[in-house]
Structures are given as C-alpha cells and as structure tokens.
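Thanks for coming. I will walk through one structure, a piece at a time.

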Amino acid sequence: MVPRVQRVNIQFWRRSKGVKILGAVSSEQKFIANEVVDRLTSDVTIRFFRALQDEFAEKIHVLLDNASYFKSQQVRDFVEETQIAVTRSLRRSPDLNPVEAC
C-alpha cells in the first residue's frame with residue numbers, strides 16, 4: 001500500500017530567489033533531500049541517484065518530471081545500467097506532480 005502523502009516543510013536559513021532541491025521519500029517514510037547550490041544537471045541527477053542507492057540499498061523507483069537533465073542520454077544510460085525504475089510525469093501536467101504544489 002502506498003503511504004498517504006504529507007507535505008514536508010523544510011526550513012532554510014539563507015535568503016535566495018529560489019531553492020533547488022532533489023528529494024525522496026521511502027515507503028517507510030524515510031526522507032532524504034539535497035539542496036543543489038549551482039545548477040541541476042545530468043551529473044547532479046546521477047550523484048543524487050547514487051546517494052539514494054547508498055541510503056536505501058533497495059530497489060528504487062523514482063518519479064521524474066520532463067526536465068532536460070532528467071531526460072539526458074547520460075541519465076538514461078545510468079538508469080538502465082543500475083535498474084532504477086523510472087516513472088515520468090506527463091508533459092505539461094503539473095497538477096499530476098505532487099511536488100509542483102509546494
């Protein structure tokens with residue numbers, strides 16, 4: 001059974017025009033998040049996927065939007081090699097992506 005979704009509030013101590021975060025929640029409600037200081041890229045995405053593998057050490061299923069860094073050949077190759085399951089949200093459907101409401 002999929003756990004009920006709850007909004008997570010994260011406090012930040014510096015002022016900025018925006019914060020970029022890659023985050024995940026396990027089926028056991030374990031939360032991991034990384035703030036991205038520079039730009040979201042394919043390399044940053046792959047490092048985050050590796051961190052998920054290290055943290056959860058189990059089969060990983062991720063929900064991704066259609067950002068170019070998630071769709072790059074480099075990320076697709078990594079996902080295929082590591083057997084990470086990926087579900088992509090529909091294009092132009094932010095209402096189906098629970099993160100977009102934050």
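**From a glycine to the core**

G23 is in strand 1. Keep in mind that this is a predicted model.

What does G23 touch, apart from its neighbours within four places in sequence? The residues in contact with G23 are I32, A33 and F48. Take A33: G23 and A33 are 10 residues apart in sequence, yet their C-alpha atoms are 4.0 Å apart in space.

Now the core. The largest nonpolar core holds 21 residues, and L22, F49, L52, V62 and I84 have the most contacts inside it. Two or more residues each come from strand 1 (20–25), strand 2 (31–36), helix 1 (42–56), strand 3, helix 2 (68–71) and helix 3 (73–82). Which of these gives the most? Helix 1 does, with 6 residues.

Next, strand 3, residues 61–64. Its side chains alternate. Setting aside neighbours within four places in sequence, V62 is in contact with F49, L52, I84, A85, V86 and T87. F49, L52 and I84 were also on the list of core residues with the most contacts.

Last, the pairing. Strand 3 and strand 4 (residues 85–88) run parallel, joined by 4 bridges. Within that pair, H61 is opposite A85 of strand 4.

Methods:
Residues numbered from 1 in each chain as written. Predicted model: local features only at pLDDT ≥ 70, side-chain atom pairs only at ≥ 80, totals over all residues. Heavy atoms only, no water. Buried < 20%, exposed > 50% of the residue type's maximum accessible area, 1.4 Å probe, protein only. Pairing = 2+ DSSP bridges. Core = buried A, V, L, I, M, F, W, Y, C linked by side-chain atoms within 4.5 Å. Contact = heavy atoms within 4.5 Å.
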